[in-house]
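The tour below goes from one selection to the next and says what is found at each stop.

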Amino acid sequence: GDYNDKQSLHAAIKGAWGVFSVTNFWELFSAEAEAAQGKAVADVCKAEGVKHLIWSSLFNVNKLSNGVLPGVVHFDGKADVEDYIRSLGIPASFFHAGFYMSNLPGQSLRDMGEGNWALAMPNPADAPIPLFDAAADTGKFVKAMFLNHEKILGKSIYGATAYYTPTQIVDEFKELFPNTGKKMGFSQLPGDVFKSIVGSTTGAPEPIQEALLQNMRLLKEFGYYGGEKLEPSLAILTEKPTTWKEFAKKEPLFAGLN
């Protein structure tokens with residue numbers, strides 16, 4: 001169905017027992033437009049009598065940080081939809097995807113020149129990052145949520161393998177690729193440097209640069225999941241989630257490293 005066309009959503013959802021709804025802020029660069037899409041799906045699920053809606057949500061960072069990080073709109077818009085779904089009283093649960101492992105290779109973790117690899121991020125070396133292999137593991141979590149329908153209605157499930165620090169990410173990379181990793185280390189980037197890199201490599205405007213910086217600050221300052229433990233979410237899985245080492249082994253950018 002077309003998120004922007006309720007009639008097509010009715011046609012797509014009619015007769016469905018369960019629906020997994022995920023929207024993409026980065027297609028629209030608008031939290032308001034994304035929220036409108038998510039709310040439209042919720043309205044149609046209510047009208048069609050869907051027994052279990054799973055909304056791909058995230059924390060409201062502005063609230064979580066008591067206004068310290070007001071710019072993470074790509075989180076806050078999804079949280080707004082979660083609040084709306086809860087207000088409808090429909091049978092629903094909420095999947096919070098972690099920090100994509102795929103966002104590391106070639107971006108924060110890359111060859112800085114002449115085979116010198118490094119991990120560079122604007123957060124400290126001990127920041128807890130809930131790493132998640134979205135391509136391999138989204139289905140594992142969503143399937144488990146549907147299978148545990150009655151147990152998890154109204155609850156949030158956190159989609160991540162484990163909390164990894166930048167130090168752990170580097171150490172495990174060096175274990176996999178000891179020759180490449182000989183000179184490898186972690187660099188904590190100043191915020192303005194991080195923003196300039198984002199701007200120059202992606203062309204993102206300043207508000208998006210700031211949003212991504214605040215997103216990174218969230219990891220250490222307030223916690224990606226507000227300090228919530230991952231164990232209850234991992235306990236419903238029937239298939240093991242992908243570890244950082246397993247992801248790195250199959251990552252094309254790392255092919256040929258030793």
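**A pair of helices, then a sheet**

Begin by selecting helix α9 (residues 191–202) together with helix α10 (residues 206–221), whose axes come within 9 Å and cross at roughly 130 degrees. This is a predicted model, which should be kept in mind at every stop. Angles of 65 to 115 degrees count as roughly perpendicular and those over 145 as roughly antiparallel, and α9 and α10 are therefore oblique to each other. Viewed for its handedness, the crossing of α9 and α10 is right-handed.

Next, show the side chains where the two helices touch: on the α9 side select Gly191, Phe194, Lys195, Ser196, Val198 and Gly199, which meet Glu206, Gln209, Glu210, Leu212, Leu213 and Met216 of α10. Sorted by class, this contact of α9 with α10 holds five nonpolar, four polar and three charged residues.

Now turn to the strands and select β4, β7 and β9, which form an open sheet in the order β4-β7-β9 with mixed pairing. Strands β4 (99–100) and β9 (162–164) stand at the edges with a single partner strand each, so one side of each is left without a neighbour in the sheet.

Stay with β7 (residues 129–132), which runs antiparallel to β9 and is joined to β9 by three bridges. To find one point of this pairing, select Leu131, whose bridge partner in β9 is Ala162.

Terms used
Residues numbered from 1 in each chain as written. Predicted model: local features only at pLDDT ≥ 70, side-chain atom pairs only at ≥ 80, totals over all residues. Heavy atoms only, no water. Pairing = 2+ DSSP bridges. Helix = DSSP H or I, 4+ residues; strand = E, 2+ residues; numbered from the N terminus. Axes fitted to C-alpha atoms, helices over the stretch in contact; angles between N-to-C directions. Parallel < 35°, antiparallel > 145°, perpendicular 65-115°, else oblique. Left-handed = near helix turned anticlockwise from the far one by under 90°. Contact = heavy atoms within 4.5 Å. Nonpolar A, V, L, I, M, F, W, Y, C, P; charged D, E, K, R; others polar.
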